[in-house]
Amino acid sequence: MAIRQLSETLINQIAAGEVIERPASAAKELIENALDAGATRIEIATAGGGKALMRVSDNGSGMDAADLELAVRRHCTSKISETLEDIRTLGFRGEALPSIGSVARLSIASRRRDSAGGHEIAVAGGKIAHMRPAAANPGTIVEVRDLFFATPARLKFLKTEKAEAGAITEIVKRMAIAFPAVRFVLSGSDRTTLEFPATGDDHLARMAQVLGKEFRDNAIALDAVREEISLTGFAGVPTFNRGNSAHQYAFVNGRPVQDKLILSAIRGAYAETIPSGRHPVAVLSITLDPALVDVNVHPAKSDVRFRDPGLVRGLIVGAIREALARDGSRAATTGASDMLRSFRPGFQPNSQRPQTAWSAETSPSRPYQPTTGFGERPQASFDGLSMPTARAEPQFSPQPAAPEPNARYPLGAARAQIHANYIVAQTEDGLVIVDQHAAHERLVFEAMRKALHSKRLASQVLLIPEIIDIPEEDCDRLMQHAAELSELGLTIERFGPGAIAVRETPAMLGEVDAHGLIRQLADEIAEWDTASGLSAKLEYVAATMACHGSVRSGRRLRPEEMNALLREMEVTPGSGQCNHGRPTYIELKLSDIERLFGRS
């Protein structure tokens with residue numbers, strides 16, 4: 001068979017298969033062109049999930065007749081010259097418009113600000129129509145109809161109109177986060193109108209528009225630099241998580257990307273703080289020299305390749321972990337909302353009353369303060385008693401620090417223990433409910449993790465070694481890592497072909513269920529053991545050991561023990577969630593309590 005030159009229309013259709021995979025791909029390319037043109041207002045209208053109609057209007061710099069003529073031809077662009085090492089725009093290939101025009105009915109109307117009139121050009125199935133004058137405002141309007149009419153086979157692979165419309169929405173959200181100074185409006189017959197007003201330099205306000213106002217209250221600021229690579233953005237507290245990773249946004253030099261390296265780094269940074277099957281919420285912006293990143297990896301420009309991927313990953317993991325250690329121990333504000341929804345009051349509060357911050361002076365349920373003691377005789381014996389103090393000597397840390405006089409305690413003072421598992425504490429403006437086992441588990445784990453990087457953990461010798469019968473293969477796996485387990489204070493020896501003798505356990509764990517601990521460690525090592533040994537996963541082992549050595553549910557605590565636990569939580573990084581990622585406490589403001597009784 002003889003080799004022959006393909007027609008330009010067929011070449012464009014082949015290229016379109018790589019660049020324009022679905023309506024959302026076309027929307028992404030058109031929005032990027034508008035942003036590169038300096039637009040401050042972008043309006044997107046769709047119909048039929050973007051397959052029947054997609055119109056993108058902007059107030060950017062616009063194009064004249066000569067630019068329009070070239071814009072619909074392949075590899076014509078104003079964004080790069082002779083090199084790909086200094087790309088500072090979103091688009092640069094010059095393939096988007098001709099690719100769309102080869103598989104759809106495309107029309108472009110544009111006018112420069114300094115021009116008296118505009119021009120319009122149309123392309124249908126790769127065939128370019130003649131240029132004609134058109135009435136147009138400054139800027140550009142790109143209209144795409146009947147997407148993939150020229151390649152019907154591609155239509156069979158598209159999803160439902162609702163799914164395609166949702167994909168376009170996600171594209172707009174990512175662009176809106178990346179460019180807060182631009183106003184975005186998304187409308188159409190296949191959706192409800194979505195508008196993101198410009199927020200200028202207030203990136204967090206734009207993130208709140210996209211991710212919800214709760215993100216503002218549960219976000220921790222990121223600002224780190226390593227070897228001329230900077231990372232900014234916001235990371236959600238661990239207890240503010242979602243069921244999928246769709247709420248993780250990453251940008252490289254302002255370009256929205258979905259890079260596996262960045263997503264993997266986010267997962268690694270939240271290790272041991274997020275429950276299995278849950279995902280953190282984060283918005284990361286990486287800025288670096290364009291020569292240090294390759295954005296020409298995929299036709300859709302959604303992937304990038306860093307010259308030093310290890311440096312970028314280390315920057316992300318280090319910055320997020322430092323932020324979590326600094327401010328990530330607080331509970332998510334959504335915990336109180338979930339608690340309120342679980343109540344079933346016998347009446348509905350008056351929704352017309354204004355929602356104002358709680359104040360002890362103005363609250364309709366403020367405590368009664370008589371001039372002399374209590375009013376009733378049975379309560380007179382309590383008159384004059386001082387309120388319980390929040391001060392207590394910590395009992396749960398090897399080296400506790402005494403609390404300062406007149407210190408303010410975010411977790412308040414312990415008032416009660418209910419069901420021998422939950423501590424109720426009173427704060428200045430509400431109450432806190434603490435899961436004692438989950439909280440102490442986290443404290444023990446953090447102490448073990450800290451000791452891992454300094455010295456061998458102190459151990460306690462068992463008077464009579466515990467003999468644990470387990471399968472021979474599990475014995476082999478445990479003994480291969482006996483030296484590493486010893487660093488954690490757990491000393492084991494082989495006791496026959498199918499048994500392990502436990503001679504020492506970590507001192508900080510106190511009384512340990514050695515049988516349960518050894519069996520769980522054997523199961524975990526069997527699941528993820530590698531040739532690199534256990535050293536890289538010692539923190540996972542420490543988390544398992546901490547769980548077995550923590551204050552158990554059902555143990556009654558004295559008031560000083562409860563307060564000591566609260567004080568230790570306040571100074572321990574990551575104490576807002578246990579090793580499995582579940583919250584250790586929930587805070588309920590007095591304003592929330594008043595809503596339950598219809599007083600707000």
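**Before you click**

The model is predicted, so to speak of local features takes pLDDT of at least 70 and side-chain atom pairs count only at pLDDT 80 or more, while totals for chains, interfaces and linings use all residues. Numbering runs from 1 along each chain as its sequence is written, and side-chain values use heavy atoms, with hydrogens and water left out.

**The whole chain**

Start with everything shown as cartoon. The protein chain has 18 helices and 25 strands; these are DSSP runs numbered from the N terminus, with helices being H or I of at least four residues and strands E of at least two. Of the 600 residues, 47% are buried (under 20% relative accessible area, with exposed over 50% and partly exposed in between, using a 1.4 Å probe and protein chains only). Take the contacts (heavy atoms within 4.5 Å) with a separation of 6 or more: 70% of them join residues 24 or more positions apart.

**Stop one: α2 and α6**

Select 23-36 for α2 and 161-178 for α6. Their axes come within 8 Å and cross at roughly 25°. Axes here are lines fitted to C-alpha atoms, for helices over the stretch in contact, and angles run from 0 to 180 degrees between N-to-C directions. α2 and α6 are therefore roughly parallel (angles under 35 degrees; over 145 is roughly antiparallel, 65 to 115 roughly perpendicular and the rest oblique). The crossing is right-handed, meaning that the near helix is turned clockwise from the far one by less than a right angle, anticlockwise being left-handed.

Now show side chains. On α2, pick Pro23, Ala24, Ala27, Lys28, Ile31, Glu32 and Leu35; on α6, their partners are Glu164, Ala167, Ile168, Ile171, Val172 and Met175. That contact divides into ten nonpolar, no polar and three charged residues (Ala, Val, Leu, Ile, Met, Phe, Trp, Tyr, Cys and Pro count as nonpolar, Asp, Glu, Lys and Arg as charged, and the others, Gly among them, as polar).

**Stop two: α6 and α7**

Look for Lys173, Ala176 and Ile177 in α6 against His203, Arg206, Met207 and Val210 in α7. By class, that is four nonpolar, one polar and two charged residues.

**Stop three: α10 and its cover**

Colour its buried residues: Leu311, Val312, Leu315, Ile316, Val317, Ala319, Ile320, Ala323 and Leu324. Among the elements covering them are β10 (219-226), β11 (229-236), α9 (260-269) and β16 (282-287).

Zoom in on α9, whose axis comes within 9 Å of that of α10 and crosses at roughly 35°. The contact includes Leu261, Ile262 and Ile266 of α9 and Val312, Ile316 and Ile320 of α10. By class it has eleven nonpolar, two polar and two charged residues.

**Last stop: alanine 39**

Finish in the loop between α2 and β1 (41-47), at alanine 39. Alanine 39 is buried, with a relative accessible area of 5%. Beyond its neighbours within four places in sequence, alanine 39 touches Ala34, Asp58, Asn59, Gly60 and Val182. Draw a distance to glycine 62, 23 residues along the chain, and the C-alpha atoms are separated by 9.3 Å.
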